[in-house]
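I opened a notebook page for this chain. The entries below record what I looked up.

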Amino acid sequence: QVQLVESGGGLVQAGGSLRLSCAASGFTFSFYGMGWFRQAPGKEREFVASIRWSDEHTFYQDSVKGRFTISRDTAKNTVYLQMNSLKPEDTAVYYCARKMNAPGDYEDRSAYDAWGQGTQVTVSS
């Protein structure tokens with residue numbers, strides 16, 4: 001009964017901010033790394049950010065470094081993606097995902113085994 005539910009998406013002007021949330025249930029949240037991916041129309045789903053379970057080290061796609069921050073609240077079983085200085089090219093459906101508890105690249109979508117339904121983020125110019 002693993003479940004990931006994203007929220008917080010919406011329409012925002014370029015330069016604005018949004019905070020996405022991913023509510024997790026059905027597993028021991030603190031024992032898994034978590035990640036955010038995004039997919040724009042006609043494009044492949046791409047890695048955005050992730051957080052390692054063991055030490056909470058974070059990873060980011062180069063294009064979002066310095067603008068996005070991934071974090072987690074273990075007590076709330078929730079992972080967040082704070083997005084600042086948003087650009088039109090950030091427009092996409094954003095997905096929360098659970099990293100498999102096995103060796104794997106935190107930036108590789110094949111290393112994740114559970115996904116949410118996604119939340120739309122639209123950034124206007």
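I am working from a predicted model, where local features need pLDDT of at least 70, side-chain atom pairs count only at pLDDT 80 or more, and totals for chains, interfaces and linings use all residues. Residues are numbered from 1 along each chain as its sequence is written, and side-chain values use heavy atoms, with hydrogens and water left out.

Fold. I looked up helices and strands (DSSP runs: H or I of at least four residues, E of at least two, numbered from the N terminus). The protein chain has eleven strands and zero helices. Its radius of gyration, 13 Å, is close to the 14 Å of the globule rule for 125 residues, so the chain is as compact as a globular protein of that length. I noted that the radius is taken over C-alpha atoms, and the rule is 2.2 Å times the number of residues to the power 0.38.

Burial. I took buried as under 20% relative accessible area, exposed as over 50% and partly exposed as in between (1.4 Å probe, protein chains only). Buried residues are 43% of the 125.

Disulfide. I searched for cysteine sulfur pairs within 2.5 Å. The count is one disulfide. Cysteine 22 and cysteine 96 form it, with sulfur atoms 2.0 Å apart. The pair joins strand β3 (residues 18-25) to strand β9 (residues 92-99), across 74 residues. The link is left-handed, at -80 degrees about the S-S bond. Why does cysteine 22 count as buried? Its relative accessibility is 0%. Cysteine 96 also counts as buried, at 0%.
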